[in-house]
Amino acid sequence: MKNIKRAVVTGATGVVGYALINELISRNIETLVMTRKNGRIGKIPIHPLVSIKFCSLEELSAFNVAEEKYDAFFHLGWSGTYGEERNDLKKQQLNIRYALDAVELANRLGCKVFVGTGSQAENGRLPYGEKVSSSSPENPESAYGKAKLQAGIESRKLCKSLGIKHCWCRILSVYGPNDASYTMVMSTLLKMLKGEDCCFTPAEQQWDYIFSEDVAKALLAIAESGIDGKIYPIGSGKTMLLKEYISKMAETTGTKSKCKFGAIEYFPNQPMYLCADISDLTKDTGFLPETSFTDGIQKNVQHIKESNLV
């Protein structure tokens, strides 16, 4: 829908949520953030346009709606995104219910569009060189990927019954300010800025990285102009060898760290090629990524230093 004036965001304390709120602020959109009471609220941008309501994913269904109405609902919240929790079937299946609770809340708040965030994990490993598109086969291997796929399907059905536009986004590899310290990009930058040696796999994967600010722009463009019921992969649409990304980080930081390629084995079932097909996204919304990897890393480094993380 065009002319979004008021939006709701879950999962606001992650790398994408942080960027999305800043993008909404830049567009003068009033934003309601739903977050856990004991969550990382220090990660939420402070601004007169941003209001915070303490509401965990478990509490969405019981959230007491006031008279205020909103236009768009961005559901980024998800429990169990890292490590062994990704294969905790019981925990992951709860997220399907939370997604449906989010749709019901969007309806109670008067939202006309619901944008949910999925993952390329919904597709599993595609043949080498095949981009992730809206029509790619769906063969998730992890409990996380299976739950994301089901959450997209079920929330789409519920939105249709409630007359809410539904768009589901499959986001590839994101980096940017406020990223978790365990991700490849952030953990590497922190070590490089401290001058610590870095151990990697052979890093021969062809990967698609996209800056968080670009993801935020894509999500808002999808809310405004995306087609109801459609799946949109989000990435840069281009790949580089993982070793090249690491080399660019070393060059940008000017580090004296040694990069030890091959010091770590590949993970089991390691995907060696990941790239988003963004042709439909561009055709439907006009979105194109704006930030080069080097420019994004420079912004990330600046944020790390300003936040006194090193």
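Student: Which element gives the most to the lining of the second largest pocket?

Tutor: Strand S10 (209-211), with 3 residues. The model is predicted, with local features needing pLDDT of at least 70 and side-chain atom pairs pLDDT 80 or more, while totals for chains, interfaces and linings use all residues. Residues are numbered from 1 along each chain as its sequence is written, and side-chain values use heavy atoms, without hydrogens and water. Helices (H or I, at least four residues) and strands (E, at least two) are DSSP runs numbered from the N terminus.

Student: What other elements supply at least two residues of that lining?

Tutor: H6 and H8 do, as does S10. The lining has 17 residues, and those closest to the pocket centre are Ser236, Lys238, Thr291, Ser292 and Phe293. About 300 Å³ of space lies in this pocket. A pocket is an open set of points on a 1 Å grid where a 1.4 Å probe fits, with protein on both sides within 12 Å along at least five of seven lines, and lining residues have an atom within 4 Å of a point.

Student: How many of the lining residues are nonpolar, polar and charged?

Tutor: The lining divides into 9 nonpolar, 5 polar and 3 charged. Asp, Glu, Lys and Arg count as charged; Ala, Val, Leu, Ile, Met, Phe, Trp, Tyr, Cys and Pro as nonpolar; the others, Gly among them, as polar.

Student: Why are H6 and H8 called oblique to each other?

Tutor: H6 (residues 242-253) and H8 (residues 293-306) pack at an angle of about 50°, with axes 10 Å apart. Angles under 35 degrees are roughly parallel, over 145 roughly antiparallel, 65 to 115 roughly perpendicular, and the rest oblique. H6 and H8 are therefore oblique. The residues of H6 in this contact are Tyr245, Lys248, Met249, Thr252 and Thr253, and those of H8 are Phe293, Thr294, Ile297, Gln298 and Val301. By class they are 5 nonpolar, 4 polar and 1 charged.

Student: What makes H2 roughly parallel to H3?

Tutor: H2 (residues 89-108) and H3 (residues 143-162) pack at about 20°, with their axes 9 Å apart. That angle is why H2 is roughly parallel to H3. Their contact includes Leu89, Ile96 and Val103 of H2 and Ala143, Ala151 and Leu158 of H3. It has 12 nonpolar, 5 polar and 2 charged residues.

Student: Which residues of H4 and H8 meet?

Tutor: Val185, Met186, Leu189, Leu190 and Leu193 in H4 meet Ile297, Asn300, Val301, Ile304 and Lys305 in H8. These divide into 8 nonpolar, 1 polar and 1 charged. The axes of H4 (residues 184-194) and H8 come within 11 Å and cross at roughly 65°.

Student: What is Asp228 in contact with, leaving aside its neighbours within four places in sequence?

Tutor: Asp228 is in contact with Ile164, Lys165 and His166, where contact means heavy atoms within 4.5 Å. Asp228 and His166 are 62 residues apart in sequence, and their C-alpha atoms are 5.2 Å apart. Asp228 lies in the loop between helix H5 (212-225) and strand S11 (231-234).

Definitions and conventions. Axes are lines fitted to C-alpha atoms, for helices over the stretch in contact, and angles run from 0 to 180 degrees between N-to-C directions. Grid points are joined across faces, edges and corners, and a volume is the space filled by probe spheres set on the points.
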